[in-house]
Amino acid sequence: MMGTTFKHKSSSTQNNGGDDSSDSEEEDDLEDVPDTREYAPLDLEGLQAMGIGGSGKDGYTMDDLQNMTMNNNEIKDDEEDEGEDDEDDVDDVKLREGDALVVVAKTEEDFASLEINIFDTESSNLYVHHDIPLPSFPLCLALGSVVSSYQVSSDENSGIATGNYVAVGSFEPGIEIWNLDVMNALEPVVVLGGMDTQGADQDWVSMQQSMLPSSTTVGSKKKKKKKNQTARGGLREGSHTDAVMGLSWNTVHPQVLASGSADGTVKLWDVTQSKGDYIRPSATLAHHTDKVQSLAWHPSEGTLLATGGYDRRVCLVDARSAAAVSSATADQNVKKAKLNADCEALAWDPHNQQYLTAASEDGVVQCWDVRKFGSEPVWSMVAHDYGGVSDICYNSQVPGMLITCSIDKTVALWDIKNKSSTAPEPCGSKDMNVGKLYSVSCYPSSPWLLACGGSGNELSIWDMEGEDAIQNRFAVRAQGYGKPAAASSNEDDVKEPDFEAIMAKEDSTAASKALKGMNKSKKKKGKKKSKAHKRK
């Protein structure tokens with residue numbers, strides 16, 4: 001501004017010379033030009049000590065007071081700007097009623113993290129709220145609300161913490177549970193299985209003690225520690241021995257978490273039962289002969305667990321009877337259905353809970369009635385011709401809507417309530433533009449939002465509210481869903497069947513027979529038989 005003013009004065013002098021003095025005086029009149037000079041803060045006391053300053057109030061001249069006033073105004077403006085920035089930062093992390101939270105596990109080269117994304121349903125704005133670094137590449141996620149806080153107290157419920165938690169399975173044998181309510185979390189709240197870090201701490205203390213002057217007694221203790229370290233093998237008692245590929249948090253019993261691993265086992269964890277140092281599994285199931293890829297608890301029957309593995313089997317387990325017997329006899333209490341390819345995903349129909357749906361890597365999706373599980377499926381279809389089906393889910397707000405995704409980069413919608421045929425009817429597909437799709441999920445609080453994650457390390461959200469074809473087919477079903485309504489005319493919707501009673505109907509004494517057989521084998525063999533994992 002100052003440079004422009006000086007340039008304007010110089011040019012006017014050159015053009016007009018000394019002949020037109022009145023015009024030059026008018027052009028040189030700078031009273032109406034705002035003063036934009038910047039003043040540095042002055043040490044007035046130091047100036048007065050050197051004898052510089054006038055005789056105004058308190059020894060200050062009017063020019064000094066004017067400079068001080070201008071500087072104070074600038075400081076106030078800066079403070080107001082900083083206050084506005086702080087308010088903007090707080091406003092960015094504040095959650096509103098219309099915000100939808102999406103948890104994403106992603107990897108970029110050698111870095112892995114959890115991203116908590118916010119989708120503003122009013123403005124359709126998507127941004128990352130905060131992220132959590134992970135020590136290993138993630139493979140699966142499960143959301144829950146209850147964990148153990150490791151607090152020691154006489155009250156049995158004092159160590160139970162509630163909130164928003166996510167369990168993460170990775171290439172490591174341990175399962176990390178993170179608190180999503182903490183923005184700058186440095187470590188997981190709970191680790192299930194994995195490396196025995198407590199033993200490493202003891203070894204470090206022993207190493208420090210060995211460096212001090214010691215007697216022969218201390219040296220013998222050191223050798224004994226090394227022997228115990230070899231016996232531990234580096235893993236906690238009951239831990240998986242390979243990558244964790246599938247997780248499912250029980251919605252009926254929120255303290256129960258199921259995990260499937262590449263070691264071929266399924267483990268049940270009570271995340272509130274920490275015995276001092278860490279949590280041990282409540283049960284270990286070995287009814288699969290290969291890697292266990294997917295798990296799904298029944299939405300209302302809290303002991304019914306569906307599992308799928310690379311042995312091309314979908315299994316239905318009653319967790320009560322399976323956990324009560326040894327792994328050798330647990331297979332008697334497991335119902336199985338055969339697939340033509342490896343199982344990739346499982347999903348229960350939330351509106352008709354007797355139906356279990358499985359997707360396989362050959363692109364086929366099949367549905368069984370668990371009351372007749374093991375026989376022919378109710379329906380079967382080829383959902384994606386190229387690349388197979390990587391994930392499936394039901395829309396909990398819209399009855400009859402099934403969603404599938406594939407590595408062919410598309411999401412497909414299906415209507416399973418088509419009365420003209422038993423097979424689902426295709427309702428369209430969409431390229432989500434995030435590469436090969438690995439997962440799909442519907443927002444439980446809105447009938448028209450679904451999210452996909454793909455190989456492009458990006459999250460894509462599809463708002464189906466503006467899709468006329470989808471609205472024409474499904475809008476009527478979604479109206480008023482979730483509100484108290486009159487009794488349904490459909491007999492299947494009036495009362496849900498007791499699946500546990502149905503499973504036990506074929507052989508009501510299966511669990512008791514298995515227990516008797518196990519007790520007899522123990523008496524015959526005595527203590528000669530060794531187990532891979534002993535429960536303490």
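What does Asp318 count as, buried or exposed?

Modeller: Asp318 counts as buried, at 10% relative accessibility. Buried means under 20% relative accessible area, exposed means over 50%, and partly exposed is in between, with a 1.4 Å probe and protein chains only. This is a predicted model, in which local features need pLDDT of at least 70 and side-chain atom pairs count only at pLDDT 80 or more, while totals for chains, interfaces and linings use all residues. Residues are numbered from 1 along each chain as its sequence is written, and side-chain values use heavy atoms, with hydrogens and water left out.

Asp318 has a charged partner: Arg320 forms a salt bridge with Asp318, and their closest N and O atoms are 3.5 Å apart. A salt bridge here is a side-chain nitrogen of Lys or Arg within 4 Å of a carboxyl oxygen of Asp or Glu. The structure holds nine of them.

Another links Arg371 to Asp369, with 2.8 Å between the closest N and O atoms. Asp369 counts as buried at 11% relative accessibility, whereas Arg371 is partly exposed at 35%. Some salt bridges share partners, and in this way Asp415, Glu425, Arg473 and Arg477 are joined into one network. The side chains of Lys106 and Glu115 also meet in a salt bridge, at 3.5 Å from N to O. Both ends of this pair are buried: Lys106 has 13% relative accessibility, and Glu115 has 15%.

Cysteines are the next topic. A disulfide is counted when two cysteine sulfur atoms lie within 2.5 Å, and by this rule the count is zero. Cys315 is buried, at 0% relative accessibility. Cys393 is in no disulfide either; the nearest cysteine sulfur to it belongs to Cys442, 3.7 Å away. Cys393 is also buried, with a relative accessible area of 10%.

Of the 536 residues, 40% are buried. The accessible surface comes to about 31300 Å², and carbon and sulfur atoms account for 49% of that. Such areas come from the Shrake-Rupley method with a 1.4 Å probe, and for residues only the protein chains shown count as cover. Taking contacts (heavy atoms within 4.5 Å) between residues at least 6 apart in sequence, 50% join residues at least 24 apart.

Several loops are worth a look. Most residues other than glycine have a negative phi. Glu109, in the loop between β1 (99-108) and β2 (111-120), has a positive phi near 55°. Glu109 is exposed, with a relative accessible area of 75%. Lys409 also has a positive phi, near 80°, and is found in the loop between β21 (401-406) and β22 (410-415). Lys409 is partly exposed, at 40% relative accessibility. Thr289 sits in the loop between β11 (283-285) and β12 (292-297) and is exposed at 72%. Thr289 and Asp263 are 26 residues apart in sequence, and their C-alpha atoms are 9.1 Å apart in space.

One more loop lies between β5 (160-170) and β6 (175-179), and Phe171 is in it. A hairpin of four residues joins β5 to β6. These two strands pair in the antiparallel sense over five bridges; strands pair if DSSP finds at least two bridges between them. Val168 has Glu176, in β6, as its bridge partner. Phe171 also belongs to a nonpolar surface patch with Phe137 and Leu139, and the three together have about 270 Å² of accessible area. Patches are made of residues with over 30% relative accessible area and no salt bridge; like charges are joined within 9 Å, and nonpolar side chains (Val, Leu, Ile, Met, Phe, Trp, Tyr) within 5 Å.
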